[in-house]
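Here is a friendly tour for anyone who likes to check geometry by eye. Please have a look at the model first, then read on.

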Amino acid sequence: MSPDIPRVGAGQCHVWIADAVRVPSPSLLELLDARERARHDAFVRETDRALYLTAHALAREVVAAQLGVGPREVRFTQECRHCDRPEPHGKPGVADSALELSLSHSGDRVAVALSLAGPVGVDIEEVGGEGRVADLAPVVLAEAERAALEGLPAEERTRGFIRYWARKEAVLKATGDGLTVEPALLTVSAPDAPAALLEWRKRVEPHPPVRLHDVDAGDGYRAAVAVLGDQCRVVRHEVGYGGDGTLVPAPPGVTTSARC
């Protein structure tokens, strides 16, 4: 196990944040399995290939460190509860392990979450595109959320909307519902309040509690992680890749933790 990658303990959720690799490294590509390489090669834009490569290589490295195996030995699963399409798709997981996994990427950053506390969902979003707030708010936000957003100063509304969006995506990834559930059915706390799921209309009871927490994703980004189940400790790590594809830990003091 790499000494640079900490172990995820019981009752914990760890989130790794990293910039996408600028120059694709052959050593990182070699970590991917045949299906992942085919998916990587199918992307037309170089930026999309870089994001995919970084997220999946990072996921393999941090999972391998937990299992005590090589990154190429890690086997991922995908499960969809909503259709019977034969190709693998849906919520990612780790084969033959209690680890729960979630991945996300946006802009130039990626996030990988691992949890032993319960099913996990992570979402990272780049702040931008003021025009999409007006288009998306009516279909993404609940009535109380729209009112809170409209009460913010105009210059804060885009960041506020992205905060809402990241929190909801994290919850729906954790449950495995994704966008088969209308985001407006969920009500989360206001952008300037601690993250919390306040209401989920039409959700069938009983269901495990949702622990929701904001994650520092750096300037120009918003991120959140949701864990289903008991209280847990969220630990954040900032990492990156050197030019030779080596995973580089953040300087001392960048790793943070909180309760969720």
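This is a predicted model: local features need pLDDT of at least 70, side-chain atom pairs count only at pLDDT 80 or more; totals for chains, interfaces and linings use all residues.

Residues are numbered from 1 along each chain as its sequence is written, and side-chain values use heavy atoms, with hydrogens and water left out.

**The sheet and its helix**

- Strand 6 and strand 10 (residues 221-228) run antiparallel and are joined by 7 bridges.
- I124 stands opposite A223 in strand 10.

**Salt bridges**

- How many salt bridges does the structure hold? There are 12, a salt bridge being a side-chain nitrogen of Lys or Arg within 4 Å of a carboxyl oxygen of Asp or Glu.
- D123 forms a salt bridge with K173, and their closest N and O atoms are 3.6 Å apart. Because D123 lies in strand 6 (residues 120-126) and K173 in helix 6 (residues 157-175), the pair ties together parts that are 50 residues apart in sequence.
- D123 is buried, with a relative accessible area of 3%, whereas K173 is partly exposed at 23%; buried means under 20% relative accessible area, exposed over 50%, and partly exposed in between (1.4 Å probe, protein chains only).
- K168 forms a salt bridge with E145, the closest N and O atoms being 2.6 Å apart. This pair links distant parts of the chain, with K168 in helix 6 and E145 in helix 5 (residues 143-150), 23 residues apart.
- Are K168 and E145 buried or exposed? K168 is buried, with a relative accessible area of 1%, and E145 is buried, with a relative accessible area of 1%.
- R167 forms a salt bridge with D214, and 2.7 Å separates the closest N and O atoms. Here too distant parts of the chain are linked: R167 is in helix 6 and D214 in strand 9 (residues 210-215), 47 residues apart.
- R167 counts as buried, at 0% relative accessibility.
- A network of salt bridges links D19, R109, R236 and E238.

**Nonpolar cores**

- The largest nonpolar core has 31 residues, of which W16 and L58 touch the most other members; such a core is a set of buried Ala, Val, Leu, Ile, Met, Phe, Trp, Tyr and Cys residues joined through side-chain atoms within 4.5 Å.
- Strand 1 (12-19), helix 3 (46-67), strand 4, strand 5 (109-115) and strand 11 each supply at least two residues of this core, and helix 3 gives the most, with 11 residues.
- Leaving aside neighbours within four places in sequence, the contacts of W16 include L58, V62, V112, H237 and V239.
- A second, separate core of 25 residues includes I162, L185, L212 and A224.

**H237**

- H237 lies in strand 11 (residues 233-241) and counts as buried at 8% relative accessibility.
- The side chains of H237 and H14 are joined by a polar contact of 2.8 Å; a polar contact is a pair of N or O atoms within 3.5 Å, where within protein one must be able to donate a hydrogen and the other to accept it, and residues adjacent in sequence count only if both atoms are side-chain atoms.

**Positive phi in two loops**

- Most residues other than glycine have a negative phi.
- D96 has a positive phi near 55° without being a glycine. D96 sits in the loop between strand 3 (91-94) and strand 4 (100-106), and is exposed, with a relative accessible area of 72%.
- K202 is not a glycine either, yet has a positive phi of about 70°. The loop between strand 8 (197-200) and strand 9 holds K202, which is exposed, with a relative accessible area of 73%.

How values were computed. Helices (H or I, at least four residues) and strands (E, at least two) are DSSP runs, numbered from the N terminus. Two strands pair if DSSP finds at least two bridges between them. Contact means heavy atoms within 4.5 Å.
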